[in-house]
Every structure is written in C-alpha cells, then in structure tokens.
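Subject: Structure handover

Hi,

Here is the structure for you to look over. My notes follow below it.

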Amino acid sequence: MLIAATIAILVVMIMAIVRGIMGPTLYDRILAVNMFGTKTVLLISLLGFVMGRPEFLDIAIVYALINFISVIGVLHYSDASIFKRSDQQKK
Amino acid sequence: MKDLFAVIMLSGIYGLLSASFFVSMDAVDVAFTEASVGAGISTLLMLVAITMTGRTENPSRHKPLLALAVVIVTGSLLIYGTLDMPYFGSAQAPIHQHVAPRYINDSMQEVGVPNIVTSVLASYRAFDTFGEVVVIFTAGMGVLALLSAVRRPRDVAEIDSFNKSMYEEHLILRIVAKMLIPFILLFALYVQFHGDYGPGGGFQAGVIFAAAIILYAMLFGMNTARRVINQSFIQLFAAIGVLLYGSVGVISLLNGKNFLDYSILSADPIAGQHLGILLIELGVGFTVASVMVIIFFNFAGRRNNQQNKENNDSC
Amino acid sequence: MNISSVLLLLIGSFLCISGGVGILRFPDFYTRMHAVGVTETLATAMILIGLMLQNPDGLVVVKLMIILLMTLFISPTASHALASAAVHNNLMPELDNKEDNKKVKSSNP
Amino acid sequence: MLMGLYNYWIVVVLMMVGFYIVIAHGNLIKKIVGLSIFQTSVFIFYISMAKVEGGTAPILAEGIRQYSNPLPHVLILTAIVVGIATTALGLALAVRIKEAYGSIEEEDIQKKDNLDC
C-alpha cells in the first residue's frame, strides 16, 4: 500500500514537471514548483516508512518550511519592478 | 530556453528532486543539507541575481555543433571509463574496504555518537571540516567585498510609511510568517543539537536559521531586518564561529594532544569527544548562518540601491 | 486499524492524482490553481493521517502532526499569495469581477 | 550484466548536460546554472558509490547489520554548503560585470573589451 501511494506521488511529480516546463505564464511555473515541493514532503515521509526507518521525518519538516520560504521569496522577487517593466515593454 | 526565470524555476525543481534521490540512497544527512540549500537558498540567490542582471538571454550567434561534438566525445570516453567500475550497490567495492568498516564498527566506542556521519565529520575528519568552514567564510568575505555598497541612511519616518503601505498588501503572509518564524528558529536549534543522534548538525542548522532571517527580511523589508540584525554584528559572528572552531583545536594542542583531538577536553575521553563535537558544530553553525545572511543581505541591499537609483533617474 | 490506514492512503493517492490531472488539463492559471490548492491540502492530510495509523508510537506521530500542521498553515497561505500576486500583476483594479476574469483569460491564453 | 553500471551512466549524462550548458551558452547566469548541474552530478556520483545493497542510513540503531558507507556522505555534505557559497560568489561577480559592462553576454563583453584596446 505504501508502495502504491509512493508510485502515485511520483506520477503526480512527473505531471508537475511537465507543467513546469510547458507553463505559459510565470505563475504556472511557480505553482508547479510549489506543488512539487509539497509532493516531495509526502514522498520523503512515505520513503521513511517504506525503508522501515521512520525516524527521519525531520527532513520532511525542513522541506515544508523551506518550500514555503522559497515560494514567498520567488513571489517577492518576481513582483519586482524590473519584471513589470519588461512585461510592459512587451505589450 | 531563453527565459532565465523558467530556467531557475526548473533548477529549483531539480534541487528538490536530487534531495529525494539522496533520501532513497540512504544519505539522510546529505538530503537534509540539499533540502535546505538546493531548494531554498540557491533558487532565491539566483532570482535576486537575475532581477539585477536582466531576465532574458540573447540568442547565441555561433553554432553549437562544436560544443556538442566535444561533449559527446568526452561523455563517451567517460562511459568507456565506467566499464571497469564496481557494480552499483555491491558490498565488495574498494570504497567499502578501507576506512569505512572502522568508522562503522568502532565509532561508537571511540566517539560515542550514534550518527556516524556526525562523528566522522566533527571528529575523525575535523581538520578537513575546518578547511571547509574557512572556505565558506572566505566566500562570504568575497561577496562582501564585491557587493557591499555604502548605504545612505534613510529617514526612519520614510521607512515607517513604507512599512505601512506594505502592511496592507501582505497582511495574511505577515501574520502566518510571524507565527512560523519562531518555530523555524526553534527547529534550527533542535537540528543543531540533535545532530549527534539523528540527521542534522551545524551546516544544516545554520542554513535553516539563515532561511528564517531571510523570510523575515523579505516580508518586513530590508531596513527593518537590518535594524534587528546589524551588519557588523553578523560579520563579527561569522568570525567568532571560525575562531571557536580553531580555538578548540588549539586547546587540545596545548594540552599535549593532536590538533582537534577532543579526548583531552574532559577527564573521560567519551565526554571530551561529546564536548568537542558540540563546540565544533556550534562554530560551524555560527559561521554558516552568518555567512548566508551576509550573502543575502548584500545581494538584496545592492538591488534596493539600484532600484532607488533608477527611480531617481526616471523622476 | 490497518484497514482504515490503507483506505486513507488510497483516498490520498487518488486526490493527489486528480490534482495532477487538474494541473495538466485545465485551461488557464486560475483553474489550475484551484485544482492544486483544493486537493493538495486534503491529500496531504489524508496520507499523513494514514501514516500515523501505520506506526502509532510517540515521536513519529508527533513529527507527523507537526508536518500536518505546517502543511495546513503553509499550503493555503502560499496559494493565497500566488493568486493575489497573479491578480495584482495582470489586472487593472476597479473592474467588475466578470470582466476581470475575461481579461485574465485573454491575456493568459 | 552491464546494467549494474547504470548509475554511472546517469552521472555521466548529467555531467555532460552541465558541461554543454557551460561551453555552449554565452549568458553568465546560465553558465552558473550549468556549473551547479555539473556539481550535483558529482554529488550523485559519490552518494551512489556509497550505497550498499540492503544497507540503511548510517545512524547506529539496534538490530541493523548493514550500513551504507558514511564517508562520502560527509564529503558531500560539506561540499554542498561550500558549493552554495561559491555559487553566490559567482553570482556576485556576474552582478558586478553587469554593472561594469552593461551586459552579461560573453560576446558583448568581449566586444567591449576589444573596443577599449
């Protein structure tokens, strides 16, 4: 059962990568990265159980935190004025 | 891909992916480090850098065929070279024959720390780690020398009005961050001091600590963050970390043992080892955290200065 | 105990996959965001609770609880920040809601 | 029989991708991304060598006989943090080059240098 859930999450990760590569807008890519991050948290906690040593959940906690920080950071810096200006120039 | 932003997002995904690969290869400590570094900080730094250097890549004018040929030839030579390598996962490979059995079998008696990675990092190969810490310190100083700009002190009132206008915008984010940041700091301390028993240690804890401060600086503005954490104070901290590490070594040297041999620090050799590892990890944590914060502050401060200059020019 | 854990894991995996299909198939950013944001939190909760039932001893459950709490805090916040940033950058304010949506769709084909 | 070597082939492919990015692209930021891919391939090389069939993570616990090799983990752990520090240094250099030359494309920079001479 654990294996099945792991495979499901791997499939979803592949889907997220596809969206990250295709992603027409910037926000699609950020969304894909965010989703990939939460799926990684799940994958790592599942892997800990699959390998029979569930003490290593600390890594999953770090992931959850760092993922949040990086999404906020990406949004903060993609809102930057330089990006807006280049968008306006394109229009 | 010509859009550098997309390139950086994909490299962030690559970092996450390689960290889960490390977990499946049993390297939990490495995964821990890669999780905090590869996924978070490096993506952020690259983003800040492209906001300063421009977002698109010019199409290159020369043909990539020559490069492709070089790459293919090198790659096939390397693959030919792998044919003599030991098979994946075989326990007879030469790498598992020399020092590794000693670490695995004797480290519990000699160092008394269940996490073998920590005992090798901080005790058997402590001199090596000292070198790495100095490299990190030097890189931080290099960034400081390249990017530090003389900051014009802004009026406090201006900062406050800026903060108020920002406050409306990111209200939810700020409240959630206010709840999370103490937790992140606490978790960093847990990682720092639990490194003997589980995955973790000074390197990881330093990066997590720095990540919390970076989150604060992003949401509450650079100037507020600089008022909380002074630049010169954090430079002092980076130096203190390296000095702490070095002085532990010097103390053991003065007491008649080898450099960084901690058995002398206490009457009981095992307790001495514990004390030594604790101090060393603390030094590593100080240095890594403050160097990461220095790097981020200088990048972001540079960017703010540039933007101010551009705004003044356009006005 | 075991059956309920298996059931929760199954539901979690199903929700994950439906979110994945959503992010691939939906036509524009806001619908994709909806698909991911809605399924993500629930799927994570399901899988983590399933794991908790697998190994009901002290520290592991506490750590899983921490992860669950983090996810419950972080995932909606991140979605909110993402959506508001998208709205902020793509639209002029003071427009009617329906017109807003049309404009978003036309600028993000 | 050759399938036992696939981990090295993955490493070689990744390494060559990074190498190609470094030599074929003119943009300095992209070169840095390529370098970090190259770097990660080396990390993967070390970590995959450390894996032992049937082993688990090298944290001592009751009732486990076989551990993976801890030494490469130590080397790579420090290398990752050093890697980010040096990457930051590279990015700082790129930023300064942008300020001095107004561009981070290799060809533009060379053109400007030639004009100065």
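In chain A, 50% of the contacts with a separation of 6 or more join residues 24 or more positions apart. Two residues are in contact if their C-beta atoms, placed from the backbone, lie within 7 Å. This is a predicted model: local features need pLDDT of at least 70, side-chain atom pairs count only at pLDDT 80 or more, and totals for chains, interfaces and linings use all residues. Residues are numbered from 1 along each chain as its sequence is written, while chains are lettered from A and ligands numbered from 1 in the order in which they are written.

Chain A has 4 helices and 0 strands. Helices (H or I, at least four residues) and strands (E, at least two) are DSSP runs, numbered from the N terminus. Of the 91 residues in chain A, 63% are buried. Buried means 20 or more other C-beta atoms within 10 Å of the residue's own, again placed from the backbone; exposed means 12 or fewer, and partly exposed is in between.

A:M13 sits in helix α1 (residues 2–22) of chain A. A:M13 counts as buried because 22 other C-beta atoms lie within 10 Å. Leaving out residues up to four places away in sequence, A:M13 touches A:F36 and A:K39. A:F68 is 55 residues from A:M13 in sequence, and their C-alpha atoms are 18 Å apart.

On chain B, helix α1 (residues 4–24) has 21 residues. Its first and last C-alpha are 30 Å apart, close to the 30 Å expected (1.5 Å times one less than the number of residues). Just after that helix, B:D26 has a positive phi of about 70°.

Best wishes
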